[in-house]
Amino acid sequence: MDLYHRFKAILDSLPSQQMNEAQTREWILVPTMEQILGYATTEKVPEDTGMAGNRPDYTIMPQTPHTWLLEAKAWSVPLSDQHAIQATTYAYQNGIKWVVLTNGKEWQLYDSHVTGHDVRERLALCATKDDPEAMETMLRALSRESVVSGKVHEEVQARALALRLRSDVQDPSSECIKALRNALRKLPRLEQVTNEQIVDALKRMHAGSSHLPTPTDCVADQDSGQRGVPPAVSTPSGPSAIYLPLTEIGVPTGKSIAAVRLPSGTEVPIKTWCMLWRTVVTTLLETNNVPVPWPETSSGTRWRLNWEPRYSDGRPMRQPLAISDRGRDLYVETHASAAYLVELCVRLCRDVGAEPAAFRVRLAE
């Protein structure tokens, strides 16, 4: 975590977090590029403000095979799809593969060579200042050493692989576990091994060891491929455990979640806000008449629940999660921030006549 700690030291030294775009560039981005990522002053060329067009704020290592772009926003400006479209379009038109969009506290790495109507398909990595592991990966990928040696893609792939494996090894119905079961059943004394036994064995193997990366609120971190809900336990974590109703969580960005207590009183241990959304959907499917497809808004074309991993206009879901509902796969779109996932939980409860406050969340200490 050396890169992250050095990055955090830069943030901790800021005189204020009420920064405009110029201050964000000078106080965060320039020292990060020079002191952490290893670029010389002459290897980062700032935008020519006299030129028209959607030019990036910085071109890194220009006129080399390793050129990448950095687009900066003010600290308080949320990163948007429109920002990403402008940055990736310029990069693509100029034959540049990698482009970074950042407001200093959130960093998004895009691959402009990925084509398609949805700009989010180009998102390769994302990290926030409150996620040390993701931020370490982002900084390592953008370091001069990684860029020059062509290892950016390796960092992107390693992150995606770790997140996918973390998801699959906990899910007895995942294709990964199925393939492992088929291989193990060819071995002596393992002819009858089940998917659930394999998952339990993997959990025991990892107990006490470094956990695999946990997906964050950023849209590029995948929490897909899981079905059902994690094993439930009936007892809380202690008499002092505090459970907040869904309607009273507030703004959860940057906060970690530990468990959700269902209306039945059962506690389900969970680690991500995507898992909360999945658990609420699964619970409501068992006790309420959930409409499928279920749209994000009454007039929108983006479905959050559908029998196929697609929106009403045919575009694929960005981050679908398959849940088995009475023998049929139901796809849940999980691509959203923590705050919006909580909002979706509350909205779905109200749409099916359930009380959202009956779901109570315990935040991680």
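How many nonpolar, polar and charged residues does the lining of the largest cavity have? The legends below describe close-up views of a predicted model.

**View 1. The largest cavity and its lining residues.** By class, the lining has seven nonpolar, no polar and no charged residues. The residues that line the largest cavity are Trp68, Trp98, Leu109, Ala141, Leu142, Val147 and Val152. Its volume is about 30 Å³. One cavity of 30 Å³ or more is found when the whole structure is searched.

**View 2. Packing of helix 4 (residues 132-142) with helix 6 (residues 152-168).** The two axes lie 9 Å apart, and the helices pack at an angle of about 160 degrees. Angles over 145 degrees count as roughly antiparallel, and helix 4 and helix 6 are therefore roughly antiparallel to each other. Their crossing is left-handed. On the helix 4 side, Glu133, Ala134, Thr137, Arg140 and Ala141 take part, meeting Val152, Glu155 and Arg159 in helix 6. This contact of helix 4 with helix 6 has three nonpolar, one polar and four charged residues.

**View 3. Crossing of helix 1 (residues 2-12) and helix 2 (residues 21-36).** The axes of these helices come within 10 Å and cross at roughly 145 degrees. The crossing of helix 1 and helix 2 is right-handed. Helix 1 contributes Leu3, Arg6, Phe7, Ile10 and Leu11 to the contact, while helix 2 contributes Trp27, Ile28, Pro31, Thr32, Gln35 and Ile36. By class, the contact of helix 1 with helix 2 has eight nonpolar residues, two polar and one charged.

Terms used. Residues numbered from 1 in each chain as written. Predicted model: local features only at pLDDT ≥ 70, side-chain atom pairs only at ≥ 80, totals over all residues. Heavy atoms only, no water. 1 Å grid on protein atoms, 1.4 Å probe; cavity = no way out; pocket = protein on both sides within 12 Å on 5 of 7 lines; lining within 4 Å. Points joined across faces, edges and corners; volume = space filled by probe spheres on them. Nonpolar A, V, L, I, M, F, W, Y, C, P; charged D, E, K, R; others polar. Axes fitted to C-alpha atoms, helices over the stretch in contact; angles between N-to-C directions. Helix = DSSP H or I, 4+ residues; strand = E, 2+ residues; numbered from the N terminus. Parallel < 35°, antiparallel > 145°, perpendicular 65-115°, else oblique. Left-handed = near helix turned anticlockwise from the far one by under 90°. Contact = heavy atoms within 4.5 Å.
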